[in-house]
Amino acid sequence: MRIELTVDGKYLALSVSSDKPLNLLLQEDLETRSLTDCCNCAHCGKCIVLLDGKAVLSCLVPSFEVRGRNVVTFDGFSKTRDYRDIEKAYSSMQAWPCDGCYAARTLLIESIVRRYESGSSDLDEEEVLQEAMLVSCPCMDYDSFLKVVKESLMNRRKRKNVRRA
Amino acid sequence: MYAELRSPNIHEPENLTSYTNIIQGYKDTVPFLWAGGTEIMSEEDFYPADRGSLEVVSLTRIEELHHFLRNDRYAEFGAMVPINDIAQAGKLVLPRILLDTINSTATRTVRERITIGGSLCTKRFKTSLSSTLMILDAAVELRYLKKRMHSKWFQLSRIYDKNGRLEIPQGALLSKVRIAIQQYDYQYFRAAGNPMSDPSGACSMALVARLEQSGISYARIIFTLPDKGFCYNRELDNLISGLHLPVSISAYSQLEDYVMEYIKNNLTQPSALQEARLKGIFHDMIKDINEKVLCLTG
């Protein structure tokens, strides 16, 4: 099956099996470096990518569903200014994920920050703590994850001059 | 890699009319209906597999399956509405037990991909959402081909057999789910374990009840063991309905023994972890209902 999609800003046309999971497409066909560690079966949470700006487990997305859509992997995201907000939060909270889950956690935090950056609703802490469970790696405790999310959100709002109602 | 494997054919109808045309074109083979894909793709051996002869109908683009409608009596959701959207849209009107069930299902990132239709039609395990909808008397619309396309509403409990196995005509499409808007005096939902990664250890319980001064006048209770099925019966409902409140310790231990025995006889032997978890959840529920009644009566 021929699919056309945008990965990290590059427009691509690929010929792949229609039921191939997105994580395998990114690993095997596009050699994405940040996705080498995942278990390929929805339980480790390390295969997170942004699909049209929202975090998804790429092992749960079939190739036919990404036709015409925009995929951002950590390789691409780490070159953006948005990434700096999260990187700064890691460093000011002194909480860093391990190398194995750094990419997945960072994209997950980015997705949560995008949900709330407009300032129209308050951060739902319970929801964030639940989201922290998506990445099964034990390197970062839930409390630190929540603090990093709050700090990243603050950095983002500050940078974009979002005033809260 | 895997170049010798043929790729399944994907059909992406944009409305129910073109869906019907596709189904009618494949009368001899049963097309494979694809909703969110969360369950199918989490199978360990999902890919690579030879599905060259498979005709997959993706329901993602069918507009009618994304609609939802609400009036004073019920809320109606298209089968492709993600369960997270149901919780967001129905925050103020849907029964609290349904919102609790949805919010306990995976995380928001995953909930945004799980569709309500898909979660009612899982084959590998049973979801807590289907059991909660059963005690809320939800109804579903099925569309199936029989010379021409028919559509018919069924009570949700009628599309499963007594152990929770899906029993709908082959190739039938679950297109809508209707949920009555009503609140109960007492609603309780608890789940333990992860039904996707460890179905043999997970379990859940849901209860809705109407309370009177000294007892329960109406109750519906359901136990879900994801790898085995549901345990839902009028007999259990009647047993809970007859309870005097607050429940005494002796009545509680009798009741617990009866319920566990009933599950073993009517479903199958739960695993040791499921049994311990079910007892814990049931104990918490009785404690909670006692607290509530004692607070009300002062």
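Helix α7 of chain B lies across β9, β10, β11 and β12 of chain B, at about 155° to β11(B). Helices (H or I, at least four residues) and strands (E, at least two) are DSSP runs numbered from the N terminus; contact requires C-beta atoms, placed from the backbone, to lie within 7 Å; and angles, from 0 to 180 degrees, are taken between the N-to-C directions of axes, which are lines fitted to C-alpha atoms, for helices over the stretch in contact. Helix α8 (residues 234–241) of chain B also packs on the sheet, where it touches β10 and β11 of chain B and makes about 140° with the direction of β11(B). The model is predicted: local features need pLDDT of at least 70 and side-chain atom pairs count only at pLDDT 80 or more, while totals for chains, interfaces and linings use all residues. Residues are numbered from 1 along each chain as its sequence is written, and chains are lettered from A and ligands numbered from 1 in the order in which they are written.

The strands β9-β10-β11-β12 of chain B form, in that order, an open sheet of four strands with antiparallel pairing, two strands being paired if DSSP finds at least two bridges between them. At its edges stand β9 (186–192) and β12 (229–231) of chain B; each has a single partner strand, so one side of each is left without a neighbour in the sheet. On average, neighbouring strands of this sheet are turned by 15° against each other, direction ignored. Strands β10 (residues 203–212) and β11 (residues 215–225) of chain B run antiparallel and are joined by nine bridges. B:V208 has B:R220 in β11(B) as its bridge partner.

A further open sheet in chain B has five strands in the order β4-β5-β8-β6-β7, with antiparallel pairing. Its edge strands, β4 (68–70) and β7 (148–155) of chain B, each pair on one side only. Five bridges pair β5 (residues 74–78) of chain B with β8 (residues 173–180) of chain B in the antiparallel sense, and B:Y74 stands opposite B:A180 in β8(B).

Chain B is divided into domain 1 (1–183) and domain 2 (186–297), with bounds from an automatic or database domain assignment. The centres of these domains, taken over C-alpha atoms, are separated by 28 Å. Their contact takes 18 residues from domain 1 of chain B and 18 residues from domain 2 of chain B. On the side of domain 1 of chain B that touches domain 2 of chain B, α4 (96–103) and α7 (128–135) of chain B each supply at least two residues. The most, five residues, are given by α7(B).

In chain A, the division is into domain 1 (2–73) and domain 2 (81–159). The centres of these two domains of chain A lie 22 Å apart, taken over C-alpha atoms, and 12 residues of domain 1 of chain A are in contact with 12 residues of domain 2 of chain A. Chain A averages a pLDDT of 92, and 95% of the residues score at least 70; pLDDT is the predictor's confidence in each residue, from 0 to 100.

Between the chains, 23 residues of chain B are in contact with 26 residues of chain A. Of the side of chain B that touches chain A, two or more residues each come from α2 (38–41) and α5 (108–111) of chain B. The most, three residues, are given by α5(B).

Terms used: Two residues are in contact if their C-beta atoms, placed from the backbone, lie within 7 Å.
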